[in-house]
2 protein chains.
Amino acid sequence: MDMKLREVCKGANVMSSSPNAIVAQSGGPTAVINSSACGVIQEALKSGKIGTVIGATNGILGVLGEDLFDISAEKPEAIEALKRTPAAAIGSCRYKLKSLEESKADFERILDVFKAHDIRYFFYAGGNDSMDTADKVNKLAADAGYELVCMGIPKTVDNDLAFTDHCPGYPSVAKYVAMCAAEAGRDTEALYTADTCTILEVMGRNAGWIAAATGLAHRCEEDAPHLVYMPEAAFSFAKFVDEVREVLKRLGRVFIVAGEGLKNSKGQYITADTGAFAKDSFGHVQLGGVADMLKVVIEKEVKIKARCNRLGTNQRSAMHFASLTDVNEAYMCGQMAVRNALEGVNGKMVTLVREKGAKYKCTTGLAELRDVANGEKKLPVEFINERGNHITDAMRDYVRPLVQGEAPITIGEDGLPVFMRFERKPLEKKLPNYL
Amino acid sequence: MDMKLREVCKGANVMSSSPNAIVAQSGGPTAVINSSACGVIQEALKSGKIGTVIGATNGILGVLGEDLFDISAEKPEAIEALKRTPAAAIGSCRYKLKSLEESKADFERILDVFKAHDIRYFFYAGGNDSMDTADKVNKLAADAGYELVCMGIPKTVDNDLAFTDHCPGYPSVAKYVAMCAAEAGRDTEALYTADTCTILEVMGRNAGWIAAATGLAHRCEEDAPHLVYMPEAAFSFAKFVDEVREVLKRLGRVFIVAGEGLKNSKGQYITADTGAFAKDSFGHVQLGGVADMLKVVIEKEVKIKARCNRLGTNQRSAMHFASLTDVNEAYMCGQMAVRNALEGVNGKMVTLVREKGAKYKCTTGLAELRDVANGEKKLPVEFINERGNHITDAMRDYVRPLVQGEAPITIGEDGLPVFMRFERKPLEKKLPNYL
């Protein structure tokens with residue numbers, strides 16, 4: 001979109017007094033949640049049917065606090081640069097609204113802010129909780145007779161939203177962690193005589209989608225990861241030690257991927273487990289994570305040196321090796337949320353639909369906000385191998401198309417990526433303070 | 001180099017019975033130690049003065065075990081792909097030889113293996129210890145009247161080798177960790193209302209070069225990292241807590257980089273310190289690292305949530321965002337080691353020399369192996385700010401030219417990088433087993 005087009009849109013706004021739209025981001029950031037925002041913003045500006053596109057600083061907190069800024073006034077090149085900027089440029093939060101009864105004041109405040117700024121469209125990118133919030137705001141507005149369209153845009157690196165083939169954000173983290181396994185795997189391979197074992201800990205408190213993605217890097221027996229542990233497969237320390245020994249015997253080294261939320265057969269997080277192998281050593285694992293715990297077990301039981309790589313937030317913000325497919329699909333989700341909203345759709349989340357056929361093709365669909373809010377999608381059993389320590393070809397076939405292409409980034413004169421920041425021209429507050 | 005040229009070189013070998021060369025890699029891998037190997041191999045093959053180029057599997061262990069393979073027989077495209085492959089494709093080790101007296105049998109074995117395979121050139125890429133080994137092997141050969149040329153090639157992500165402006169491997173890790181600070185910094189900025197503090201732990205047990213490099217990402221006050229702690233500046237918990245509070249007051253969030261080897265004013269690693277703030281919490285930090293320890297302090301004293309990113313071996317193997325400058329210079333070091341050796345130079349390590357002038361230009365020089373072995377280069381005091389919690393412009397000027405350019409990588413059909421592996425045609429063993 002060029003400057004001229006934006007000016008036309010803004011002009012249209014002033015003349016027609018079109019209703020305004022809020023776009024907001026929620027929960028853990030991803031490499032592409034800004035691409036979704038870009039899709040919303042550019043489509044809304046282009047439509048000529050929306051007045052001011054408003055950013056709610058830090059998600060629903062920004063709405064509650066009436067902390068809003070005029071995205072329509074931002075430079076078009078800044079808006080375009082959202083596609084090359086990780087995290088959440090509008091600002092995110094983890095503020096959780098409860099039921100309409102319990103959080104009544106909050107919900108009413110949201111509606112008051114919407115009314116005060118003539119906001120008739122609410123585009124909310126997030127996970128289950130955000131879809132729940134959008135759904136409740138929508139119902140409250142309907143009950144109050146306030147015309148409002150609430151549309152959800154899927155976002156989560158965890159890939160655990162139901163009703164969508166996958167979630168924007170996941171393909172990029174998948175590509176990044178698989179690449180990290182490939183690279184660090186070569187390190188372990190090179191120095192196995194000293195650093196014999198490496199444990200890569202990845203995100204996924206309840207679902208193993210991210211851990212499973214690393215399995216793609218295992219192209220042949222030599223390639224890391226040799227063992228992949230996912231929360232969906234009950235974890236046993238005795239079995240783990242056996243499997244580590246087995247790989248060591250075969251290759252002289254072992255590269256392990258562990259999802260942060262590994263659970264035992266009782267469904268308890270193993271980081272909370274003090275039984276089994278090493279009662280003394282396990283009392284204080286709160287300082288590390290699951291990888292630190294496995295390292296202790298390996299060093300104690302298998303008597304080899306182990307190293308831990310814990311990527312932390314670097315995995316969900318890895319714009320520099322994001323999936324181009326993900327960037328494009330995230331944009332499409334934002335775009336389609338606006339198109340659907342303008343066509344009269346309401347109370348839905350845009351979904352990604354994988355078309356049937358040998359060649360990967362992804363289109364969008366719609367799901368009820370409420371259904372998404374209540375759903376959860378774990379790694380299906382057919383994606384995990386029988387021994388529960390690696391993935392199957394079905395998982396490879398699922399994830400391979402998602403990690404295709406490398407998203408372009410801008411590199412500055414200092415050799416580092418350049419990201420955008422909004423100028424944030426604040427909207428004048430019209431209501432008393434709330435937060 | 002094309003196939004034809006290689007065949008000519010091999011032909012020359014057979015006809016002239018030129019002496020052979022060993023190339024070996026040692027210590028912790030880097031993104032570009034293979035580029036140095038590539039420089040050695042391609043220059044040696046091109047020279048027509050070296051017979052077989054031999055790889056010693058896993059560094060000096062491969063020499064001791066007579067575990068050698070014929071690199072001249074490898075495909076030229078595999079040799080070329082070394083420039084796009086991280087870690088150590090020939091294989092590395094941490095086997096440390098002591099004095100000539102203490103490790104007499106080892107040193108004599110090395111010479112025996114060299115004699116058995118008519119090896120007259122020894123190209124060894126590594127850090128201080130490797131230069132020490134090369135130096136001693138060289139002296140032993142001279143004493144025994146065996147003609148041998150030993151050349152060192154600098155390699156260490158830690159950047160702590162003396163007599164060289166910087167070490168191949170460092171620019172790539174510098175570029176990667178600075179980018180990681182930039183990206184994860186945006187994550188903290190986006191979600192500061194929940195994840196208020198992030199601590200990025202980077203390598204550098206004794207020197208703060210890697211931690212310092214992240215300072216480059218701090219282009220303005222908003223940009224991470226806000227605090228950078230390096231082992232060269234004595235660490236105080238009380239001062240740390242004050243500084244965290246100060247940044248929080250200003251920005252509402254804080255992004256911290258910690259070198260893994262932070263030390264207190266007595267020069268002791270703080271991870272070994274049980275005094276100061278939180279005696280109860282510190283007894284078991286062996287499970288995590290310095291970042292986990294700082295997280296505990298922050299959560300306890302400042303009462304905000306903190307997250308840890310520990311990149312581990314992913315930082316030293318990050319080929320996918322390696323510095324092109326580094327790849328080229330590492331190659332040049334390998335190339336110049338061969339050129340110098342063929343011109344009669346012996347017992348030296350190739351150094352990188354930063355030419356005077358506004359525009360960065362790097363050439364090579366030479367330093368005595370023995371001098372390098374005994375030297376160590378810490379971060380100079382003028383690269384650390386007065387408060388000991390960030391870098392100065394002098395450090396920025398030092399590191400900026402090093403991180404220029406992105407090394408090309410090959411992406412496979414599965415969306416992940418493709419790395420090479422040697423075919424490893426073994427050399428027939430001529431000596432009794434040793435290891």
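I take a salt bridge to be a side-chain nitrogen of Lys or Arg within 4 Å of a carboxyl oxygen of Asp or Glu. With that rule I searched the interface of chain A and chain B and got 12 salt bridges.

**Ground rules.** The model is predicted: local features need pLDDT of at least 70, side-chain atom pairs count only at pLDDT 80 or more, and totals for chains, interfaces and linings use all residues. Residues are numbered from 1 along each chain as its sequence is written, chains are lettered from A in the order in which they are written, and side-chain values use heavy atoms, with hydrogens and water left out.

**Interface.** I looked up contacts next (heavy atoms within 4.5 Å). Chain A puts 75 residues in contact with 75 residues of chain B. The buried area is about 5,900 Å², and carbon and sulfur atoms give 51% of it. That area is the accessible area (1.4 Å probe) the two parts lose on being put together, summed over both.

One salt bridge I noted joins Asp223(B) to Arg421(A), with the closest N and O atoms 2.7 Å apart. Several elements of chain A each supply at least two residues of the side touching chain B, among them α7 (170-190), β6 (197-202) and α11 (290-302). Helices here are DSSP runs (H or I, at least four residues), strands likewise (E, at least two), numbered from the N terminus. The largest share, 12 residues, comes from α7(A).

**Core.** I then checked the largest nonpolar core, which has 100 residues. Such a core is a set of buried Ala, Val, Leu, Ile, Met, Phe, Trp, Tyr and Cys residues joined through side-chain atoms within 4.5 Å. Tyr170(A), Met395(A) and Val399(A) are among the residues that touch the most other members. Leaving aside neighbours within four places in sequence, Tyr170(A) contacts residues including Trp209(A), Met395(A) and Val399(A).

**Salt bridges overall.** I picked Asp135(A) and Lys139(A), whose closest N and O atoms are 2.7 Å apart. Why are they about one helical turn apart? They sit four residues apart in helix α6 (residues 128-143) of chain A. Asp135(A) is buried at 5% relative accessibility, while Lys139(A) is partly exposed at 32%. Buried means under 20% relative accessible area, exposed over 50%, partly exposed in between (1.4 Å probe, protein chains only).

In chain B, Asp135(B) pairs with Lys139(B), again at 2.7 Å. Asp135(B) is buried at 6%. Last entry: salt bridges that share partners join Arg186(A), Glu189(A), Glu222(A), Asp223(A), Arg253(A) and Arg421(B) into one network.
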